[in-house]
Amino acid sequence: MTGSLDPAATALLLVDMQNDFLHPEGAYGRAGAAAPDIAALPDRLARVADAVRAWGGWIAATQFTLVPGKAGEPFIAPHLERLRPFLGKGDFAPGSFGQAVIARLQPVDLAVEKVAFDAFYQSRLEFTLRKAGIRTLAVAGIVTGGGVASTLRGAHVRDFETVLLSDGCAAFDRKTHEAAVAALSSVSPVATCAGFVDSLAAGKG
């Protein structure tokens, strides 16, 4: 990033850092669907979030949501149903423990439900960010080639300034993560978590 960052106009955007993805009692944890790189994110991102809070910036979070239909059975996209057949009633439900952002990264200032990879798709994310006066997003979370990539690209086409935190996001496969970061580097500046925190201390992006 170049130029000066304004705390009042900058947010750390945490993509899908939720209990159903990360907590042992969440949907993925109960199914044994975990990855070391993803499990390492909360502590690393907590340090970034603490620095952003101390600096006076915003913490925003997307919450992947499975909208319940009749009898609470969730609407699940066909590709996700094939990929994660263990998902079912109550998982990622609005207002549930599983849908909530993990405790390690609380509190968040802005939380927005999302129903697709791109958190801007059919959501109030753009409205919320604009109302808050946010123009710059440091994007992190899971998974790099899915929700992170789609949301960052969604921010880009809406003229938000972005920086991708390369070690602040992860995928279930290291090579997939690395390929996604390489592809996104043509869209957005890329920084490490430590480098981004240092830029806050220096008052620069």
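Select F75 first. This residue sits in the loop between β2 (58-64) and α5 (78-83). The model is a predicted one. Is F75 buried or exposed? F75 counts as exposed because its relative accessibility is 59%, and the cut-off for exposed is over 50%.

Together with F75 they form a nonpolar patch on the surface. The accessible area of these four residues together is about 390 Å².

Stay on Y121. Look for this residue in the loop between β3 and α6. Y121 has 44% relative accessibility, so it counts as partly exposed. Show its contacts: leaving out residues up to four places away in sequence, Y121 touches V115 and A116. Then draw a distance from Y121 to R84. The two are 37 residues apart along the chain, and their C-alpha atoms are separated by 21 Å.

Next, move to helix α6, residues 125-132, and pick T128 there. T128 is buried, because its relative accessible area is 12% and buried means under 20%. Which residues does T128 contact, leaving aside neighbours within four places in sequence? They are L110 and V112.

Now colour the strands. They make an open sheet of 6 strands in the order β3-β2-β1-β4-β5-β6, with parallel pairing. Find the edges: β3 (110-114) and β6 (190-191) each pair on one side only. Then zoom in on β1 and β2, which pair in the parallel sense over 5 bridges. Select V15 and look across to β2, where T62 is its bridge partner.

Go inside next. The largest nonpolar core has 38 residues, and L12 and F196 touch the most other members. Elements giving two or more residues to this core include β1 (10-15), α2 (27-31), β4 (136-142), β5 (161-170) and α9 (193-202). Which element gives the most? It is α4, with 8 residues.

Centre on L12 and show what surrounds it. Apart from neighbours within four places in sequence, L12 is in contact with V48, A49, V52, W58, I59, A60, A138, A140 and L165.

One last stop. A second, separate core has 24 residues. Select V15, L110, F160 and L184, which are among its members.

Note on methods. Residues numbered from 1 in each chain as written. Predicted model: local features only at pLDDT ≥ 70, side-chain atom pairs only at ≥ 80, totals over all residues. Heavy atoms only, no water. Patch = residues over 30% accessible without salt bridge, like charges linked within 9 Å, V, L, I, M, F, W, Y side chains within 5 Å. Areas by Shrake-Rupley, 256 points an atom, 1.4 Å probe, with all protein chains shown as cover. Salt bridge = Lys/Arg side-chain N within 4 Å of Asp/Glu carboxyl O. Helix = DSSP H or I, 4+ residues; strand = E, 2+ residues; numbered from the N terminus. Buried < 20%, exposed > 50% of the residue type's maximum accessible area, 1.4 Å probe, protein only. Core = buried A, V, L, I, M, F, W, Y, C linked by side-chain atoms within 4.5 Å. Contact = heavy atoms within 4.5 Å. Pairing = 2+ DSSP bridges.
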